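User: I would like a quick lesson in reading a model of this kind. Let us take it feature by feature.

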Amino acid sequence: CVQGFVAQRGVETTKTHCEKAKIAVYASGVEASATEAKGTVLMKTADDLKNYNRTEEAKMEEIIQGIAESGVQVIVTGGTISDMALHFIEKYGLMALKLSSKWELRRLCQATSATALVRLGAPTPEEMGCATVTQKSVGGRTVTVFENDVDGSSKIGDGVHAVQMACKDGRVVYGGGACEMECAVKLDQLADQHPGLEQYAIRAFAKSLECVARTLADNAGWDAIQVLADIRAAHVNGQADVGVDISTEPGSTSMKEANVYDLMSVKRSALKLAIEAATTVLKVDQIIMSKQSGGPKM
């Protein structure tokens, strides 16, 4: 479980870890601003070209130096990072990350308490975010993890609701996908007793129950196929308490020994709602396309 944000790509710099770093988020790219109108620059000698390039480099270095002197250690941008800007980011020992999606940029700002800036420059302390930033390899994919301590009010609320439900119905089942996997194994055994076409529907329903364990294994960074195979083999052999272990390899363990349980009322309600949603979709036998509203054609 990560308290913060996970970007599904690596950083652009050689520096890959920063502890409790101050973060600057820019909605625009980290590059020299382009003019809105086209213009012509007349250069008569090679010195004119050198001086023009030096001016652009000096301006970019001034911007990156100002960001570094403000205390920022990580730069996140929603646009591109020019080669010149990346050179000075490396020079001042900063980390840089590109996020192509504006929704990911918004979620990062919420997770780190940062403000997305439209201007390229040093942010104020109120506009900076804070998190421990690390580039990791999870499930064969390079990701960048922003770990941050979150407010405990949401955890308290979840705990109060859990206690409230437990007081109404105190029955529990094994967590970590063990309950769903046991149901899937039992349904497969039931399908073997139906030689007709019904067995395909039963097996499809049993296959859908494996999504809980598969999702847990994927989120933990394990090989989901191998973890599901190990858990299914354990349940076939009568070990009904084996589920997904998100912390230690090989990714499966006894939920009874790990003291991982779920409320049966929550499981039953979730399963009931999922079945109702699936049957509602299957009952749809006609789709009516909406027509364009009246009015003059533009």
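Predicted model: local features only at pLDDT ≥ 70, side-chain atom pairs only at ≥ 80, totals over all residues.

User: How many disulfides does a search of the whole structure find?

Analyst: A disulfide is a pair of cysteine sulfur atoms within 2.5 Å. The search of the whole structure returns zero. Take Cys179: this residue is in no disulfide, and the nearest cysteine sulfur belongs to Cys183, 4.5 Å away. Cys179 has a relative accessible area of 19%, so it is buried.

User: Next, charged pairs. How many salt bridges are there?

Analyst: Look for a side-chain nitrogen of Lys or Arg within 4 Å of a carboxyl oxygen of Asp or Glu. Over the whole structure, 14 salt bridges turn up. One of them joins Arg119 to Glu127, with 2.9 Å from N to O. Arg119 is partly exposed at 37% relative accessible area.

User: Which residues are linked in a network of salt bridges?

Analyst: Asp188, Lys207, Glu210, Arg214 and Arg232 make up the network. Consider Glu210. Its relative accessible area is 6%, so Glu210 is buried. One partner is Arg214, whose closest N and O atoms to Glu210 are 3.7 Å apart. Arg214 is partly exposed at 29% relative accessibility. Another partner is Arg232, with the closest N and O atoms 2.5 Å apart. Glu210 sits in the loop between helix 6 and helix 7, while Arg232 belongs to helix 8 (residues 224-236), so this bridge ties together parts 22 residues apart in sequence. Arg232 has 24% relative accessible area and is partly exposed.

User: Where do these helix numbers come from?

Analyst: Helices (H or I, at least four residues) and strands (E, at least two) are DSSP runs, counted from the N terminus.

User: On to aromatic rings. Which residues form a tilted pair?

Analyst: Two values describe a pair of aromatic rings: the distance of the centres and the angle of the planes. Rings of Phe, Tyr and Trp (its six-membered ring) pair if their centres lie within 6.5 Å; planes under 30 degrees apart are stacked, over 60 edge-to-face, the rest tilted. The structure holds two aromatic pairs. One of them is Phe5 with Phe146, tilted, at 6.2 Å centre to centre and 55 degrees between the planes. This pair links distant parts of the chain: Phe5 in strand 1 (residues 4-7) and Phe146 in strand 7 (residues 141-147), 141 residues apart. Both Phe5 and Phe146 are buried.

User: What about the backbone? Which peptide bond is cis?

Analyst: The bond from Glu249 to Pro250 is cis, with omega near 5 degrees. Pro250 belongs to the loop between strand 9 (242-244) and strand 10 (252-254).

User: Where is Ser113, with its positive phi?

Analyst: Ser113 lies in the loop between helix 3 (102-112) and strand 5 (116-117). Its phi is near 60 degrees, a positive value in a residue other than glycine. Ser113 is exposed, with 54% relative accessible area. Asn259 also shows positive phi, near 55 degrees, and is not a glycine either. Asn259 falls in the loop between helix 9 (255-258) and strand 11 (261-263). At 60% relative accessible area, Asn259 is exposed.

Notes
Residues numbered from 1 in each chain as written. Heavy atoms only, no water. Buried < 20%, exposed > 50% of the residue type's maximum accessible area, 1.4 Å probe, protein only.
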